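Here are a few notes to read alongside the structure. Have a look at it first, then go through the points in order.

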Amino acid sequence: MHSGFPVLRNTFHTNFVVRYTGNVPIPDGADAEIARMFRIWDSARQATKERLAELGEADEGFLFGGFSIADAFFWPILWRFRTYGLSLESAGSDALDWMAKMWSDPVFKRLSDRYFRQAEDPETCIAHYDDIFRGVDGVQYGFFPEDWVFSVSAGGQ
């Protein structure tokens with residue numbers, strides 16, 4: 001992520017509590033990067049499930065079985081999908097299952113609670129990143145409820 005996926009990184013900034021709805025602009029190249037992200041997650045989960053089954057080991061549902069740096073690495077990307085309402089249409093079932101695992105994990109739920117507490121402090125707000133689509137017709141700016149739950153059937157929303 002530090003040098004790849006330039007459209008996702010440079011267009012969809014990480015904002016942990018904001019929700020954009022409506023006609024969120026999707027620039028050229030974003031769909032290809034989103035599809036590539038899903039392929040990475042799907043292939044990691046598929047390979048992991050096969051390998052753990054061969055070894056007779058438990059699969060906790062994270063990218064490589066148990067929680068790893070890979071899951072932490074992609075955590076901010078999950079927020080981008082949620083914040084901007086990016087389509088989950090091209091996601092395979094393994095990627096969606098992993099997303100559900102991440103969103104429901106107690107450790108990540110506690111972490112997201114901290115984001116909401118931090119957002120209450122006006123000194124943590126950075127105007128450049130708050131309401132980045134201000135003035136763009138058809139895009140609404142709001143906040144997610146703290147008790148939000150990931151739903152595959154609702155496109156992640």
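1. One term before we start: a salt bridge here is a side-chain nitrogen of Lys or Arg within 4 Å of a carboxyl oxygen of Asp or Glu. Buried means under 20% relative accessible area. Keep in mind too that this is a predicted model.

2. Let's begin with Arg80, which sits in helix H3, residues 69-84. Does this arginine count as buried or exposed? Arg80 is buried, and yet it has no salt bridge. Glu33 is the nearest side chain of opposite charge, and it lies 8.8 Å away.

3. So what does Arg80 touch, once neighbours within four places in sequence are left aside? Its contacts are Leu8, Arg9, Phe12, His13 and Thr14, along with Gly85 and Leu86.

4. Staying with H3, look at how it meets helix H4, residues 93-104. Their axes come within 11 Å and cross at roughly 95 degrees. Angles of 65 to 115 degrees count as roughly perpendicular, so that is the label for H3 and H4.

5. Who makes that contact? From H3 come Asp71, Phe74, Trp75, Leu78, Trp79, Phe81 and Arg82, while H4 brings Trp98, Met99, Met102 and Trp103. Sorted by type, the residues of this contact are 9 nonpolar, no polar and 2 charged.

6. Last, another arginine: Arg51, in helix H2, residues 30-55. Its relative accessibility is 45%, so Arg51 counts as partly exposed. Phe64 is 13 residues from Arg51 along the chain, and their C-alpha atoms are separated by 9.5 Å.

Definitions and conventions. Residues numbered from 1 in each chain as written. Predicted model: local features only at pLDDT ≥ 70, side-chain atom pairs only at ≥ 80, totals over all residues. Heavy atoms only, no water. Helix = DSSP H or I, 4+ residues; strand = E, 2+ residues; numbered from the N terminus. Buried < 20%, exposed > 50% of the residue type's maximum accessible area, 1.4 Å probe, protein only. Lys, Arg positive; Asp, Glu negative; His and termini not counted. Contact = heavy atoms within 4.5 Å. Axes fitted to C-alpha atoms, helices over the stretch in contact; angles between N-to-C directions. Parallel < 35°, antiparallel > 145°, perpendicular 65-115°, else oblique. Nonpolar A, V, L, I, M, F, W, Y, C, P; charged D, E, K, R; others polar.
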